[in-house]
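Good morning, and thank you for coming.

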Amino acid sequence: MPARVAVVVNPAAGRGRALHLIPTVRGLLKSLGVEYSIEVSSAPDQPEKLARRAAEDGVGIVAALGGDGLAGMVSNGLMSSKAGLAVIPAGTGNDLARSLGLDRKDPLSAVRMLADPKTRPMDVLQVTSGRSRRYCLNVAGAGFDSEVNETANAMRTRLKGSAKYVAALLRTLRRFEPADFELVVDGKEIRRRAMLIAIGNGRSYGGGMRVCPDASLFDGSVDVCIVGEMSKGEFLGAFPKVFRGTHVKHAKVTMLRGKEIELRADRRLMVYGDGEPAGPLPASFLVLPAALPVVVP
């Protein structure tokens, strides 16, 4: 007997793609004999509330129909519950789906998995900023990448995925200055003037940028990518390498691995996790191993 499924939808994901998929998803779930409900989010804080309510009602799987941001918000509503997460990729980047081995071009294949869902316990990254505590599934970061995120979220454009990210990157680079970071990884302190620090539970963000190419959602640790201070020209020259993950060989890129991380900077920088703001630095990051069941192929 298939598990009861609640589908939480971000209607704006993928420039409306998720909203247009609802009738097809509804029909497919019905044909598969899955007991389901569909909830369309109407406010930024609603996905977490909808997921929490579904879990409290005894739903076995809460499926996020949208992008990485929606999956992250839904996961915040599922922590400490017995419900699992499913990802139906319909956003612009779908990097979490990429790390899970899902077919990002065929969201209905993820729906079909709900007829007989196989789950695997996934690591979750706990991000604490002041009194705020959030959970991140894929990549968190501060510095240039978080400012690009802010720029991208404010842009009105028909571009999507990595194209939108690159446009936001070029706009941000004109005004960005490196920051002095203090980083503690599993007790080891590092001071570095850097462009950005990315903490990867998953491998990629921004629509295929493999910032932490060796990261795994299931190994109980995160990878840390430190991109040191560069001139704007040097940064633009090195940037394309991130799509292949070969930026890690650059002399000014340092890769670390750990489970407990503290991060601060010499100016106010926002931490972004799964493409959404998680609070300003200083912040701490803690890996919660095997903390959330997720539907996998």
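Which residues does N76 touch, not counting residues up to four places away in sequence? They are E48, R52, R134 and Y135, where contact means heavy atoms within 4.5 Å. Before I continue, please note that this is a predicted model, in which local features need pLDDT of at least 70, side-chain atom pairs count only at pLDDT 80 or more, and totals for chains, interfaces and linings use all residues. Residues are numbered from 1 along each chain as its sequence is written, and side-chain values use heavy atoms, with hydrogens and water left out.

N76 sits in helix α3, residues 68-78; helices (H or I, at least four residues) and strands (E, at least two) are DSSP runs, numbered from the N terminus. N76 counts as buried because its relative accessibility is 7%, and buried means under 20% relative accessible area with a 1.4 Å probe, protein chains only. The side chain of N76 reaches the backbone oxygen of G72 at 2.8 Å and the backbone nitrogen of Y135 at 2.9 Å. K49 is 27 residues away from N76 along the chain, and their C-alpha atoms are separated by 8.9 Å.

I turn now to D274. This residue lies in the loop between β13 (270-273) and β14 (276-280). D274 is buried and yet has no salt bridge, that is, a side-chain nitrogen of Lys or Arg within 4 Å of a carboxyl oxygen of Asp or Glu. The nearest side chain of opposite charge belongs to R134, 8.4 Å away; here Lys and Arg count as positive and Asp and Glu as negative, while His and the chain ends are not counted. The side chain of D274 does reach the backbone nitrogen of L137, at 2.8 Å. Leaving aside neighbours within four places in sequence, the contacts of D274 include G72, Y135 and L137.

Helix α6, residues 144-154, is mostly covered, with eight of its eleven residues buried. Among them are F144, V148 and A152.

How many cavities of 30 Å³ or more does a search of the whole structure find? The search finds two. A cavity is a set of points on a 1 Å grid over the protein atoms alone where a 1.4 Å probe fits but cannot get out, and lining residues have an atom within 4 Å of a point. The largest cavity has a volume of about 190 Å³, a volume being the space filled by probe spheres set on the points. Its lining comprises 17 residues, of which L196, V227, F235, F239 and V242 lie nearest its centre.

Conventions
Buried means under 20% relative accessible area, exposed over 50%, partly exposed in between (1.4 Å probe, protein chains only). A polar contact is a pair of N or O atoms within 3.5 Å; within protein, one must be able to donate a hydrogen and the other to accept it, and residues adjacent in sequence count only if both atoms are side-chain atoms. On a 1 Å grid over the protein atoms alone, a cavity is a set of points where a 1.4 Å probe fits but cannot get out, and a pocket is an open set with protein on both sides within 12 Å along at least five of seven lines; lining residues have an atom within 4 Å of a point.
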